[in-house]
Amino acid sequence: MADPRDPRPLIGEPLALDLLNTRWAGTPVNDLLADLDGYRIWLAANGLAERCPADRESLAAVLTVRTALGELVDAADRQQSAPPDGLNRVLARGRLRRRLTEAGPEQSVEVDGDQWLAAWLAADNYLELLGQGAHRIKACAHPSCILHFFDTSQNGRRRWCSMAVCGNRAKAARHYEKVTR
């Protein structure tokens, strides 16, 4: 269930894109991570509140990976490449540890400090999304929207972050243009 304190127009995307979507259109641009309260909301929305500290150092780490993800996704939207240095610096702060237990395979994340856990998880999730298909990481087609989504549609042709919001706006604009000609 969505947290009623979460003001974002699009929630529930994979962790990396959910982190990108902590900024959304407005004047000025809305930013959920402008303070620790918003960071706590984001952690809770992603099931990380019990695992990750909600302090300034952790928020700074998450903002670092959000910036790196934004650069990579924006470059991909323009069909260009961006240096992965920022993301790789975050990924270098952690690792997956795998082992076999009596109950079966187990994996855990180890990070250089607790403040890097949420940031590392988001960076790692981005790699998982790339592995599933970089072409499915998309920016909303509405010109005034800055949100991103992972297209899980069968044919890969989803265009809007939300059909109810941006898709309907575009349809209404096309209809208005047609009527006023």
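User: Which residues are buried in α2?

Analyst: In α2, the buried ones are Leu-36, Gly-38, Tyr-39, Ile-41, Trp-42 and Leu-43. Buried means under 20% relative accessible area, exposed means over 50%, and partly exposed is in between (1.4 Å probe, protein chains only). Helices (H or I, at least four residues) and strands (E, at least two) are DSSP runs, numbered from the N terminus. Keep in mind that this is a predicted model: local features need pLDDT of at least 70, side-chain atom pairs count only at pLDDT 80 or more, and totals for chains, interfaces and linings use all residues. Residues are numbered from 1 along each chain as its sequence is written, and side-chain values use heavy atoms, with hydrogens and water left out.

User: OK, what covers the buried residues of α2?

Analyst: The cover includes α1 (15-20), α3 and α5 (117-133). Contact here means heavy atoms within 4.5 Å.

User: And what's going on at the start of α2?

Analyst: There, a side-chain oxygen of Asp-35 comes to within 3.2 Å of the backbone nitrogen of Asp-37. A polar contact is a pair of N or O atoms within 3.5 Å; within protein, one must be able to donate a hydrogen and the other to accept it, and residues adjacent in sequence count only if both atoms are side-chain atoms. After α2 comes Gly-47, with a positive phi near 70 degrees.

User: How many aromatic pairs does a search of the whole structure find?

Analyst: One aromatic pair turns up in the whole structure. The ring centres of Tyr-39 and Trp-42 are 6.3 Å apart and their planes are at 15 degrees, so the pair is stacked. The rule is that rings of Phe, Tyr and Trp (its six-membered ring) pair if their centres lie within 6.5 Å; planes under 30 degrees apart count as stacked, over 60 as edge-to-face and the rest as tilted.

User: Where do Tyr-39 and Trp-42 sit in the helix?

Analyst: They are three residues apart in α2 (residues 36-45), so about one helical turn separates Tyr-39 and Trp-42. Both are buried, too.

User: New topic: pockets. Which residues line the largest pocket?

Analyst: Leu-20, Arg-23, Arg-66, Thr-67, Gly-70, Asp-74, Ile-146 and His-148 line the largest pocket. On a 1 Å grid over the protein atoms alone, a cavity is a set of points where a 1.4 Å probe fits but cannot get out, while a pocket is an open set with protein on both sides within 12 Å along at least five of seven lines; lining residues have an atom within 4 Å of a point.

User: What's the volume of the largest pocket, and which helix gives the largest share of the lining?

Analyst: The volume of the largest pocket is about 180 Å³. Helix α3 (residues 56-77) gives the largest share of the lining, four residues. A volume is the space filled by probe spheres set on the grid points, which are joined across faces, edges and corners.

User: Let's zoom in on His-148. Buried or exposed?

Analyst: His-148 is buried, because its relative accessible area is 7%. His-148 belongs to strand β6 (residues 148-150).

User: What does the side chain of His-148 make a polar contact with?

Analyst: With the side chain of Asp-77, at 3.2 Å. A polar atom of the His-148 side chain also lies 3.5 Å from the backbone oxygen of Ile-146. Leaving out residues up to four places away in sequence, His-148 touches residues including Leu-10, Leu-17 and Val-73.

User: Now Leu-87. Where's that?

Analyst: Leu-87 is in helix α4 (residues 85-91). Leu-87 counts as buried because its relative accessibility is 3%. Leu-87 and Ala-68 are 19 residues apart in sequence, with 5.5 Å from C-alpha to C-alpha.

User: Which peptide bond is cis?

Analyst: The one from Thr-27 to Pro-28, with omega near -5 degrees. Pro-28 is in the loop between β1 (23-24) and β2 (30-31). Most residues other than glycine have a negative phi, and most peptide bonds are trans.

User: And what about the phi of Gln-79?

Analyst: Gln-79 has a positive phi, near 55 degrees, and is not a glycine. Gln-79 lies in the loop between α3 and α4, and counts as exposed because its relative accessibility is 75%.

User: Last one: how many helices and strands are in the chain?

Analyst: Six helices and six strands. Of the chain's 181 residues, 40% count as buried.
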